Amino acid sequence: DDPTMIRMLQDLTKVDPVTIPLDSPEVMSLFQSTEVLKIQPEDIGGTKLGCLGIPEFGTDFAMQMLIDTKPQHFSDLVRIAGLSHGTDVWLGNAQTLINEGKATISTAICTRDDIMVYLIGKGIEAGVAFKIMESVRKGKGLTPDWEKTMEEAGVPDWYIWSCKKIQYMFPKAHAAAYVMMAWRIAYCKVFYPLAYYAAYFTVRADDFDTSLMAEGESRAREALEDINQRKKDGTAAPKDDALVPILELSIEMYCRGYIFEKVDLYKSDATKFIITEDGLLPPLNALPGLAENTAKAIMAEREKGEFKNIEDLRLRTGATKSVIEILTESGCFDGMSESNQVSLFELA
């Protein structure tokens, strides 16, 4: 949920998103390499770019587009977003033309608006250019008369070929809006890294598993390798797909010099990651199996007063046996007695 992440970043950084510059070379570099993060691709499984966890650009598919097109400016990212949201616009079309050197990210058809603006620039009457754009962007192709008009106007063959391949095209305004949001999140990843990671993991807290992500870099790497192997074997579970990007971002965070603290019964928030001196403190609901409602109940009760013992917490929060086991295994009850009862052995 990108808007939720933006609001969280605004709260954590006190930065007005509207004031974030859209020409920052540091932010642009995320879409070109990992250098600004001060890590190497081999540190994060060979990922060549720094845009893991950035909306619109964090998937393998999107990152390959970035590698193929080599964007240099914000406007290039808008065009890439248009390509990624279209149907038969990139694969077997713009990608082929760019690889063959017939087009570049600046000249390829990326959004529906490109067609009309380009054709008008070639001298084709605006009304005709609009009709051609509308037909192409809906996947209806070109009429023979339109093809002839385009040829007479000097439109190259590759451009006409590209128009015939397209099945659906994204509007440029939508692409620009998506990229502006992604850019603002990327800005925080560069300049406010802990705020970025706190917001990212909070939005995905339901999928965050402290036993995998918060037990150190080696444990996170081991878990990611296990999932990748299961995918190769065809034995991966549906939840594994949700875990992969979270594990990748956890490893990246470790490589940038930050850590996860242990979940704390009194300091951890119910649902939000908290920024600490060295990294992040996960919320209570990041413990696998501990539901959000239970986490909120614990947080509400602890504000009324310290828990006298484990039994006191159970009675006040309604925690089930499984929840008590989860908290015990996580170390949240270290030093806390089971109940008020004192054994004869303890009195001796």
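Predicted model: local features only at pLDDT ≥ 70, side-chain atom pairs only at ≥ 80, totals over all residues.
Visitor: What share of the residues is buried?

Guide: Of the 348 residues in the chain, 47% are buried. The chain exposes about 17,300 Å², and carbon and sulfur atoms supply 51% of that area.

Visitor: What about contacts, how much comes from residues 24 or more positions apart?

Guide: Among contacts with a separation of 6 or more, residues 24 or more positions apart account for 62%.

Visitor: Changing topic to open space: how much lies in the largest pocket, and which residues are nearest its centre?

Guide: About 560 Å³ of space lies in the largest pocket. Its lining holds 24 residues, and those nearest the centre are Gly58, Thr59, Asp60, Met63 and Glu248.

Visitor: Then the second largest pocket; what is its volume, and what lies nearest its centre?

Guide: The second largest pocket holds about 280 Å³ of space. It is lined by 21 residues, of which Asp207, Asp209, Leu212, Lys239 and Leu243 lie nearest the centre.

Visitor: Where does the largest share of that lining come from?

Guide: The largest share of the lining of the second largest pocket, 5 residues, comes from α13, and both α13, residues 217-233, and α14 supply at least two residues each. The lining divides into 11 nonpolar, 2 polar and 8 charged residues. Helix α14 therefore deserves a look in both places, since it supplies at least two residues to the lining of the largest pocket and at least two to that of the second largest pocket, bearing in mind that a pocket is an open set of grid points.

Visitor: What lines the largest cavity?

Guide: The lining consists of Ile6, Leu9, Gln10, Thr13, Val15, Pro17, Ile20, Arg184 and Cys188, which divide into 6 nonpolar, 2 polar and 1 charged. Helix α1, residues 2-13, and helix α10, residues 172-191, each supply at least two of the lining residues, with the largest share, 4 residues, coming from α1.

Visitor: Back to α3 for a moment; which of its residues are buried, and what covers them?

Guide: In α3, the buried residues are Ala62, Met63, Met65, Leu66, Asp68 and Thr69. The cover over the buried residues of α3 includes α4 and α5, the latter being residues 90-99. Among those buried residues is Met63, which is also one of the residues nearest the centre of the largest pocket.

Visitor: What happens to the backbone just after α3?

Guide: Just after α3, lysine 70 takes a positive phi of about 50°, and this residue lies in the loop between α3 and α4, residues 74-85.

Visitor: Is lysine 70 buried or exposed, and why?

Guide: Lysine 70 counts as exposed because its relative accessible area is 57%, and the cut-off for exposed is over 50%.

Visitor: Where does lysine 38 lie, and what is its phi?

Guide: Lysine 38 lies in the loop between α2, residues 25-29, and α3, and its phi is near 60°, a positive value in a residue other than glycine. At 78% relative accessibility, lysine 38 is exposed.

Visitor: Last one: where is alanine 126, and why is it classed as partly exposed?

Guide: Alanine 126 is in helix α7, residues 126-137. It is classed as partly exposed because its relative accessible area is 40%, which falls between the cut-offs of 20% and 50%. The C-alpha atoms of alanine 126 and methionine 116 are separated by 7.5 Å, with the two residues 10 apart along the chain.

Terms used:
Residues numbered from 1 in each chain as written. Heavy atoms only, no water. 1 Å grid on protein atoms, 1.4 Å probe; cavity = no way out; pocket = protein on both sides within 12 Å on 5 of 7 lines; lining within 4 Å. Nonpolar A, V, L, I, M, F, W, Y, C, P; charged D, E, K, R; others polar. Buried < 20%, exposed > 50% of the residue type's maximum accessible area, 1.4 Å probe, protein only. Contact = heavy atoms within 4.5 Å. Areas by Shrake-Rupley, 256 points an atom, 1.4 Å probe, with all protein chains shown as cover. Points joined across faces, edges and corners; volume = space filled by probe spheres on them.
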